[in-house]
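Colleague: I would like to learn how to read a model like this one. Please take me through it feature by feature.

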Amino acid sequence: MGFECGQVDLNAFVRLGALIDALERVNKGKVLQDVGLSIGAIVVDSCSSDLRTVADLYELFFGTNIEKLQKNTKLISVTYRSELIGLIRDDSTYLPNVDDFSRYLRIPTINTFFSPEERPMTTGMLPTEEMLVEAILSLIRYTHSTCVSAVFDDSHASTAKMLVIHAERKFICVDGQVHITGQSSVDVAQTAIRKLLLTQARFVLAFVNDGTWLDILQALRNEMVIAGRFVFVVPQSERWTTSLKFADAWPHFDQLLLTVTNKRLTNQNFVNHLTQRFPSLPFPQHWLRQFWMTAFKCHIEGENLPGKKFSRPCSNRQTLSLTSVVPDLNLEPITLAVHSMAVSLRQLVDRVCPGALLKTLSDCVNDPFPALFRSIKSSGFNHFISTEPDVYINSTTGFRDAEVIINRVRISSQEIQFEEVANWDIHRGLRYVAPNDLFLEERDGSRQRVHSSCPRSACALRFAYQKQASSIPSFRSGLNDLSTMIFAGFSILWMFICLMCVYQQLISRTEDLYRVCTMVMFVGLAFLSFISVFFIMVPSSITCAVRSTCLSIALSSVFSPILVKSVLSWRREMILSNLQSARSGNAHSSTMFWLSAIGIFFQVVVVAEWMFFESPISLTFSTFAEESMWRCAPGQKYEQRLFYSLILVAMMVVTTVVTSLITAKNMDSRQNILVSIIAALFGISLYLVLPLLRYSIRDKVFSSGKFSFLGIPNREVEGYD
């Protein structure tokens, strides 16, 4: 608390008072009195020093026994190591050697702060910092932001790793991470600020201790960072409202500051009770005098106060108000930690050695620490200081669940105020409670909603790719596109026109030797017109199946009757050249139909074999020309594979041209040649051009090309009427 290593920490002193009050309550309560037990505490002042604390703990566990003066007596009693049952850690400073020492001892530990990571035999009355990360990222998603940066020190390295993992799950890009290693200084903090200025992110998550945060505040001033450039999100510290160093730094801070912390104590009766009892708690008198001088900024004659001296003498009429001395009271965690230790001790005794008269836990269990820690994690209790009906440790996380509060910091003069913006818990997620959204004032004086994005960063592009790849398009989504609906209207209209032509050929009395071939061709054109809609829609399982199976069948339905017609025309010319009757050269209608059907059947067989070896409904996420989207498998080469399935149709076209050239003096043959050549040119052009086009244009060109081709075979109808 600073009596031997600096200024007095008012927050720590008040929490120490809450600890002593909690010990007196549990010792007077039925939980321990019914089994004849009582617990006490040995306070080790860490002074935020790792080596000092390790030395004190080593002396406590392996050195001389701890002597303590009994109240109202001159007798000195001795506390042996075997009497120790657990450790309540109330200092969140980075103490790696203390952590290693505690892990070696395997003593049950209860943290009263947000723990940076899970450790063996360690739990806490507040969740881990992973829950803080979840709350912060939920708020960032609420603002529709997609980019953050992070600055952290050695004590929060594991939290920074968790930040990356959780941010990726929410498709939030961590644009920059600045690790402040070792001892912090203003120069080191300035280097960190320069790195942050090179990022595009506006949100900055700062997981640092109070000393490093003070250096960052000074570095922002030295670097003359534009006001509102950053939105800092920092775990809230109680020292911000009591430390003189922070009081001097706040007036120069002009960035938007959000804090995350646990819900503060709302039981005013408990605060009043502790305030009344505070002067009578068993503190050493010089401790209480230094606390009083620091709290009221005065001096007591004959008492030296480390740090800043005050000239105003302390008055005997001063009245203590804890909420005035420590505006950001946070007494719930340490009070609940003491009660949890007492309840767990009682539970262990009742389970292992009920009714036994115990002096230490070793009298009941050879190795009591693991059993006591299991009791801590499994015990639950009610406490008047908690707003929750039951206080218990979450079996999944290993820590107590607690509501996370996100505050906006308002700075006026040397005072700061906290306004609740949102709250979050593990069960219901984020709840935004502020009346207005978060705004920032830009350089031109305009007010803009807080938003952070980094569209040019590599991770943002990667997240956009992953997000697009994670949502497979459906057939229904393709029906919501206006251009698709317009194209479908024209295609369906043309399909009905082709079907009307079939009906016209059916009822026509005009003498036409190849009427059946014409009717089959129009059915193929109607089919081709219908499936053209599926080529302009967004690729999905249904559209890919139609594309892969129906295109070749539809084209074979068009060109198979044209081929039959050209072959039969050539046969008729051959017969006529032999001076036989014209009637003997005509084929029967059923013959024409079955010959056309045979050509279509061969194409169906080819499609069936293709479907047997490759699934026609599979999709793949493909990238071409900086454009990524879902495509029918195999993606970029799908159109080429589709043309390979038209080899049989291509053979029909070539055969039609050859047979028609033999009878080129016939008008029908010349029409067949024209249609076949145009179809070949269309196919070759699409085969060469489509792989060069972007995906968004490729489908439109393919479907439009097929739709334009639909009108060409209608020239076959000329001369039939």
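Colleague: Which residues are linked in a network of salt bridges?

Modeller: First, the ground rules. This is a predicted model, where local features need pLDDT of at least 70, side-chain atom pairs count only at pLDDT 80 or more, and totals for chains, interfaces and linings use all residues. Residues are numbered from 1 along each chain as its sequence is written, and side-chain values use heavy atoms, with hydrogens and water left out. A salt bridge is a side-chain nitrogen of Lys or Arg within 4 Å of a carboxyl oxygen of Asp or Glu. Here, the network joins Arg-547, Arg-631, Glu-639, Arg-698 and Asp-699.

Colleague: How many salt bridges does this rule count?

Modeller: The count comes to 27.

Colleague: How is the packing of two helices read?

Modeller: Two packed helices are described by the angle between their axes and the distance between the axes. Helices are DSSP runs (H or I, at least four residues), strands too (E, at least two), numbered from the N terminus. Axes are lines fitted to C-alpha atoms, for helices over the stretch in contact, with angles from 0 to 180 degrees between N-to-C directions. Take helix H1 (residues 10–28) and helix H10 (residues 268–277): the angle is about 95° and the axes are 11 Å apart. That makes H1 roughly perpendicular to H10 (the class covers 65 to 115 degrees).

Colleague: Which residues of H1 and H10 make the contact?

Modeller: Contact means heavy atoms within 4.5 Å. H1 gives Val-14, Gly-17, Ala-18, Asp-21, Glu-24 and Arg-25; H10 gives Phe-270, His-273, Leu-274 and Arg-277. They divide into 4 nonpolar, 2 polar and 4 charged (Ala, Val, Leu, Ile, Met, Phe, Trp, Tyr, Cys and Pro are nonpolar, Asp, Glu, Lys and Arg charged, the others, Gly among them, polar).

Colleague: Which side chains meet in a salt bridge at 2.5 Å, N to O?

Modeller: Glu-24 and Arg-277. Glu-24 lies in H1 and Arg-277 in H10, so the pair ties together parts 253 residues apart in sequence.

Colleague: Is Arg-400 buried or exposed?

Modeller: Buried means under 20% relative accessible area, exposed over 50%, partly exposed in between (1.4 Å probe, protein chains only). Arg-400 is buried, at 2%. Its salt-bridge partner is Glu-388, with the closest N and O atoms 3.7 Å apart. Glu-388 is partly exposed, at 26%.

Colleague: And what about Arg-449 and Asp-437?

Modeller: They form a salt bridge, with the closest N and O atoms 2.9 Å apart. Arg-449 is exposed, at 53%. Asp-437 counts as partly exposed, at 30%.

Technical notes
Parallel < 35°, antiparallel > 145°, perpendicular 65-115°, else oblique.
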